[in-house]
Amino acid sequence: MTARAEFTLGRETVPPGNRRTVDLPVSVLSDHTPVTLSAHVVHGRRPGPAMFVTAGVHGDEVIGVEIVRRLLSLPVLGALRGTLIAIPIVNAFGFLNLSRYLPDRRDLNRCFPGSSGGSMAARLAHLLVEEVVGRCQIGIDLHSAAVHRTNLPQVRVMPDDPELARLARVFAAPVVLSSEARQGSLRETAARMGVQMLLYEGGEGLRFDEVAVRAGLAGVLRVMFDRGMIPAKGVPKARRAPLDCRVSRWLRAPQGGLLRTYRSEGDVVAEGELLAVVSDPFGEIETEIRATEPGIIVGRAMLPVVNEGNAVFHLAAIAPADRAEDRIGAWASEVAAGQLFDEDEIL
C-alpha cells in the first residue's frame, strides 16, 4: 500500500497520523503585535475527504469556538480518515474586542472571496479561501445570533441542492432553512468553488448555550461519519428528521417601549397567536405582536427594550402535516437528557 502523502499548510508539514496547530500570518497591529489565522490540522493515516470546520467569522460568536474546542478534544479523531482543518477563531480581531466586526467595522462575512491586496477584511477572507476552503471538499461554518438575539439550532443550505439538503438532514439540527447565500459570504464563495458547505446557527452572541453547543457538535460528528471520516462509536444517532422550512420572516416591534415576550425559540405557534406585547413606560399604550402564519420561532430578540421596527421574532413557516411541536419537543428532550461530558468523553 502506498504511504499517504504529508499535508502542508502554510510553512508547516503534517505527516499522516499526526496533528498540529498552524499559524498563518494575517497582519501586524499598530503596536507591532502579530495576528495569525490559527488552524488545527488533523491528518489521518488513511485517505478520505478533506473537511474544514470554522467558527468565529464574527468575533462575538463564541458558541462555535466552544464546539470546535470540544471537537478537537475527542479521542475519535485518532481514527480519522482524511484530513480535518479546524479553525476555532477566524476573526481574531473581533474576538479580542468582543465585537462582531473587524477593527475597520467591516463584516468579514460580506468580504469573501477577498483579495491579497485589499482591506484587512479582504486579506483575511482571501487567506481563508486560498489556504483552507479551496483545499477541502466539504465544510461546516459555525455561527450564532448577534448580541442580544438568540437562534434555535438550525442549518442553512443553498436551495435546490439535493446533496446539501441530504447533509443537512444528516446534521439533524431541529430546523433546516433553505435560503440563498448573501453576496460576499463564505457560503456563497464555497458554493461557487464547488465546496459543499453547511452553515450552522445556534444560540446567542457572547453567551454559551449548552443545548446549541451539543447540537452543533453532534451535527459535525454525524456529517464526518456520513462522509466516512470517523467510525460510528460515539456519534449520536439522530432519531427525528429536522423540519424543512423554506420561508421565514422577521416580525417587528410596532412601537418602541418595553417588550414582554410570551413565546420563545423552538415554540410552534398558530396563526394569530399572541407572541409578545410592547408597552410604553407609563403603561398607557400597549401593542400586541401576533403570529402572521403558522410557524416555528427560530430566533428572537433577548432585550426587553425595543425601538419601533426592531426585529423581535424570526418565524419560519411550517406545514400542518409536519407535526412540528411533537418533533421539536422530542428533540429538546433528547438533548437535555444527554449527560454533560468531560474533555475525554464523546457526546
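Strand β12 (residues 248–252) runs antiparallel to strand β19 and is joined to it by five bridges, where strands are DSSP runs of E with at least two residues, numbered from the N terminus, and two strands pair if DSSP finds at least two bridges between them. This is a predicted model, in which local features need pLDDT of at least 70, side-chain atom pairs count only at pLDDT 80 or more, and totals for chains, interfaces and linings use all residues. Residues are numbered from 1 along each chain as its sequence is written, and side-chain values use heavy atoms, with hydrogens and water left out.

Within β19, F313 is the bridge partner of L251. Strand β17 (residues 295–301) also pairs with β19 in the antiparallel sense, over five bridges, and here G299 stands opposite H314. Of the seven residues of β19 (residues 311–317), six are buried, that is, under 20% relative accessible area with a 1.4 Å probe, protein chains only.

Elsewhere, D141 lies in strand β7 (residues 138–143). The side chain of D141 makes a polar contact with the side chain of H143 at 2.6 Å, a polar contact being a pair of N or O atoms within 3.5 Å, of which, within protein, one must be able to donate a hydrogen and the other to accept it, while residues adjacent in sequence count only if both atoms are side-chain atoms.

How values were computed:
Buried < 20%, exposed > 50% of the residue type's maximum accessible area, 1.4 Å probe, protein only. Helix = DSSP H or I, 4+ residues; strand = E, 2+ residues; numbered from the N terminus.
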